[in-house]
Amino acid sequence: MSRRRLPSLSALRAFEAAARHESAKQAAEELSVTATAISHQIRALEETLGVALFVRKPRQLELTAAGRELQQVLESAFDSIGAAVERLSAVPSRQAITLSTTPAVAVRWLLSWVCMLRDAHPDIDLRIHASHEPVALDGVTADIAIRYGDGRWPGLVAEKLFDNTFVPACSPLLNLHDAAELPRHSLIHFRNQLAVSSPVDWVVWQKQAQVPGLDVSAGLVFSDETHAVSAAVGAQGVALMSRQLIEDELREGRLVQPFGPVLEGKPFFLVYPESRRHDPAILAVRDWIMAVPGGLCSL
């Protein structure tokens, strides 16, 4: 490959800037050098090329025909170089979205499907805030949330995800089939002080079931639903759990629902600010959640 015969690139850059501004002073300001340095670079370039590039007038530089030809070529070349550098060095803009939800919903429903969001929107960094306490969707604490309730939150869009029914559940190893046998087994309780609504618990269940001799104040108590599920799977007792959140265990036979009654809890909703209804990042996370298997009241 033949070697390119090029003048000093610094001189070419100085000339192009001076030609564009028609001023050595303005070219110097753009390139952060002195006007004298610009003038020296241009004269050195003219000597190298053997042609005059400017007609020098008071307070103005006027291109010669040769200067105009070179200026046009350099302008196109520098534009192409600049575009290539910007394209190659550009870092894709990323956006972090914080999703607030209960620990059980995060662990038992969403986390297995985060890959769907990552594959569809690699520019979005999902942050999960797990808590039973509703937090402000102010774009700082959180942006979007999954909450259970009546679906009425002023200023928020609320889209129903799935119903929330509570059932007695236990390991098949307990060989439990009749509610009358329940007093012989430990009850597993989930209690969280941060819950904002009245829990569906064994006290509520017993009011409907009226099982003789059942002490609903006794048993194992957990502050985390996932621990309560693990205890039930481990045959440590009988839990009253959201059926939607133990669907895998029921389907696989690790848990069974030995009897009723079934209690209706408050449904789960996807909520986000009305003001961000058309926010592309919010919509991307919203579409991902709607596509996660088990949602949209299908359970």
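Me: Which residues does Phe269 touch, not counting residues up to four places away in sequence?
Reply: Touching here means contact, with heavy atoms within 4.5 Å. Leaving out residues up to four places away in sequence, Phe269 touches Ala145, Ile146, Arg147, Gly149, Asp150, Gly151, Trp153, Ala158, Glu159, Lys160 and Leu161.

Me: What kind of model is this?
Reply: Residues are numbered from 1 along each chain as its sequence is written, and side-chain values use heavy atoms, with hydrogens and water left out. Local features need pLDDT of at least 70, side-chain atom pairs count only at pLDDT 80 or more, and totals for chains, interfaces and linings use all residues, since this is a predicted model.

Me: In which strand is Phe269?
Reply: Strands (E, at least two residues) and helices (H or I, at least four) are DSSP runs, numbered from the N terminus. By that count, the place of Phe269 is in strand 12.

Me: How many Å apart in space are Phe269 and Gly151, C-alpha to C-alpha?
Reply: Along the sequence, Phe269 and Gly151 are 118 residues apart. In space, C-alpha to C-alpha, the separation of Phe269 and Gly151 is 6.5 Å.

Me: How many aromatic pairs does a search of the whole structure find?
Reply: Rings of Phe, Tyr and Trp (its six-membered ring) pair if their centres lie within 6.5 Å; planes under 30 degrees apart count as stacked, over 60 as edge-to-face and the rest as tilted. With that rule, the number of aromatic pairs found in the whole structure is 7.

Me: Which parts of the chain does the pair of Trp153 and Phe269 tie together?
Reply: The pair of Trp153 and Phe269 is edge-to-face, with 5.8 Å centre to centre and 75° between the planes. Its partners are 116 residues apart in sequence, so the pair ties together the loop between strand 5 (144-148) and strand 6 (156-162), where Trp153 lies, and strand 12 (residues 268-273).

Me: Is Phe269 buried or exposed?
Reply: Buried means under 20% relative accessible area, exposed over 50%, and partly exposed in between (1.4 Å probe, protein chains only). Trp153 has 19% relative accessibility and so counts as buried. Phe269 has 11% relative accessibility and therefore counts as buried.

Me: At what angle do the axes of helix 1 and helix 2 cross?
Reply: Axes are lines fitted to C-alpha atoms, for helices over the stretch in contact, and angles run from 0 to 180 degrees between N-to-C directions. The axes of helix 1 (residues 9-21) and helix 2 (residues 24-31) come within 8 Å, and the crossing angle is roughly 125°.

Me: Is the crossing of helix 1 and helix 2 left-handed or right-handed?
Reply: A crossing is left-handed if the near helix is turned anticlockwise from the far one by less than a right angle, and right-handed if clockwise. The crossing of helix 1 and helix 2 is right-handed.

Me: How many residues in the contact of helix 1 with helix 2 are charged?
Reply: Helix 1 brings Arg13, Ala14, Ala17, Ala18, Arg20 and His21 to the contact, and helix 2 brings Gln26, Ala27, Glu30 and Leu31. Ala, Val, Leu, Ile, Met, Phe, Trp, Tyr, Cys and Pro count as nonpolar, Asp, Glu, Lys and Arg as charged, and the others, Gly among them, as polar. On that basis 5 are nonpolar and 2 are polar, while the charged residues number 3.

Me: How are helix 2 and helix 3 set to each other?
Reply: The axes of helix 2 and helix 3 (residues 35-49) come within 8 Å and cross at roughly 105°. Angles under 35 degrees count as roughly parallel, over 145 as roughly antiparallel, 65 to 115 as roughly perpendicular and the rest as oblique. Helix 2 and helix 3 are therefore roughly perpendicular.

Me: Which residues of helix 8 make the contact with helix 5?
Reply: Helix 5 (residues 103-110) and helix 8 (residues 225-233) pack with their axes 8 Å apart, at an angle of about 60°. That makes helix 5 oblique to helix 8. Helix 5 contributes Ala104, Val107 and Arg108, and helix 8 contributes Glu225, Thr226 and Val229.
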